Amino acid sequence: MAKTAVVILNYNGAHYLEQFLPSVTQHSTDAEVIVADNASTDDSIAFLKSNYPDLKIIQFEKNLGFTGGYNAALDELDHEYCVLLNSDIEVTPNWVKPVIDYMDSHPEVGACQPKILDFNDKLKFEYAGAAGGFLDFMGFPYCRGRVFDTLEEDQGQYDTIEQLDWATGACMFVRATDFKKAGGFDIDFFAHMEEIDLCWRLRLMGKSLFCIPESKVYHVGGGTLNKLNPRKTYLNFRNNLSLLFKNENALNLIWKFPFKCMLDMAAALKLGLGQSWGHGWAVLRAHFDFLLLLPKNFTKRKQVQALRRKAIRNSPFLLPYQYFIKGRTTYVDLQQKQ
């Protein structure tokens, strides 16, 4: 058995499998490629059985979402490493080996990601991960190569191996034992920010995360929910509240949560006026539903804090202020602020 499994979670993505699975099977000869299917109703399974009869398929009876689907899939596998790969990604030659080699030689590393570029504009970084993710002190995510909606052109400026706050779930290399010890993905997230939550737990456990830019992939992005969908706004805001509540230390929560609520209300107004009131309402509904999740999140917080082996410090600035007020729109600009 190969020590690495490339696991593609699929839901009604036959068109993506047809387009991108050939590159994955061609360039992943040092790994076992597996498709986990979230009860697709299109012809995904028929396509796989007809065109890839030897490919391992894990079929679920219902759609478990991104979080539940990957948790269930990895429960069935015994590989040392698992690569969680979106179905809308084109991989390149030698994309697996440099990451696995790095993790083999650094046992303290829990997860890694490659450099992720935009499939539709291959000179630019892609939104979901770019060259590795970071968090400001309020839990707002940004990346080397992407800050909010500003995407940089890849000119080799981030071709160094860099320690991260989070690795993207679009293409995450994870040590299977660490994934399971951390509790896997939080199934209540369903989708969006679940990888940031997992990575925060890995960091609390004392594990480190890296981007290995020698490995490169191209991501379509927005295949499930694009940014114009209020459902995506809802999930991002609700899950960000849970992310902060579960992982931040208690003293910081006392002042951060009121401040976070104030920032989110300002965001609701901005989204309502700038995009649609559907997005503004999505932020308000996210806060209401977060309150409904509080009993479960209290239990989860106790479990997460029991994992704590080290103090975690995120970037010491407020990202919305730096981006929208000060005009610092790139990772380099933000680093100069520090």
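By class, the lining of the largest cavity has 7 nonpolar residues, 2 polar ones and no charged ones. Here Ala, Val, Leu, Ile, Met, Phe, Trp, Tyr, Cys and Pro count as nonpolar, Asp, Glu, Lys and Arg as charged, and the others, Gly among them, as polar. Welcome to a predicted model, in which local features need pLDDT of at least 70, side-chain atom pairs count only at pLDDT 80 or more, and totals for chains, interfaces and linings use all residues. Residues are numbered from 1 along each chain as its sequence is written, and side-chain values use heavy atoms, with hydrogens and water left out.

**The cavity**

- The structure holds 1 cavity of 30 Å³ or more; a cavity is a set of points, on a 1 Å grid over the protein atoms alone, where a 1.4 Å probe fits but cannot get out.
- The largest cavity has about 40 Å³ of space, where a volume is the space filled by probe spheres set on the points.
- Its lining is made of Ile8, Leu17, Phe20, Leu21, Val24, Leu85, Asn86, Ser87 and Ile89, and lining residues have an atom within 4 Å of a point.
- Two elements, α1 and β4 (81-86), each give two or more residues to this lining; helices (H or I, at least four residues) and strands (E, at least two) are DSSP runs, numbered from the N terminus.
- Helix α1 gives the most to the lining, with 4 residues.

- In helix α2 (residues 44-51), Ser44, Ile45, Phe47 and Leu48 are buried; buried means under 20% relative accessible area, exposed over 50%, and partly exposed in between (1.4 Å probe, protein chains only).
- Seen down the axis of α2, these buried residues fall within an arc of 160°, so they line one face of the helix; the arc is that of the directions from the helix axis to the C-beta atoms.
- As background, an α-helix has 3.6 residues a turn, so residues three or four places apart point the same way.
- On the other side of α2, Lys49 and Ser50 are exposed.
- What do the buried residues of α2 pack against? They pack against β1 (4-10), α1 (14-27), β2 (32-37) and β3 (56-59), with contact meaning heavy atoms within 4.5 Å.

**Cysteines**

- The structure holds 0 disulfides, a disulfide being a pair of cysteine sulfur atoms within 2.5 Å.
- Cys112 counts as buried, at 0% relative accessibility, whereas Cys261 is partly exposed, with a relative accessible area of 28%.

**Residues in loops**

- Most residues other than glycine have a negative phi.
- Asn12 is not a glycine, yet has a positive phi of about 50°.
- You can find Asn12 in the loop between β1 and α1, where Asn12 is partly exposed, with a relative accessible area of 24%.
- Ala130 also has a positive phi, near 45°.
- Ala130 lies in the loop between β7 (121-125) and β8 (133-135) and counts as buried, at 0% relative accessibility.
- Ala170 sits in the loop between β12 (162-163) and β13 (171-175) and is buried, with a relative accessible area of 5%.
- Leaving aside neighbours within four places in sequence, Ala170 is in contact with Leu84, Leu85, Asn86, Ile89, Ile116, Ala128 and His219.
- The C-alpha atoms of Ala170 and Gly327 are separated by 28 Å, and these two residues are 157 residues apart along the chain.

Methods: On a 1 Å grid over the protein atoms alone, a cavity is a set of points where a 1.4 Å probe fits but cannot get out, and a pocket is an open set with protein on both sides within 12 Å along at least five of seven lines; lining residues have an atom within 4 Å of a point.
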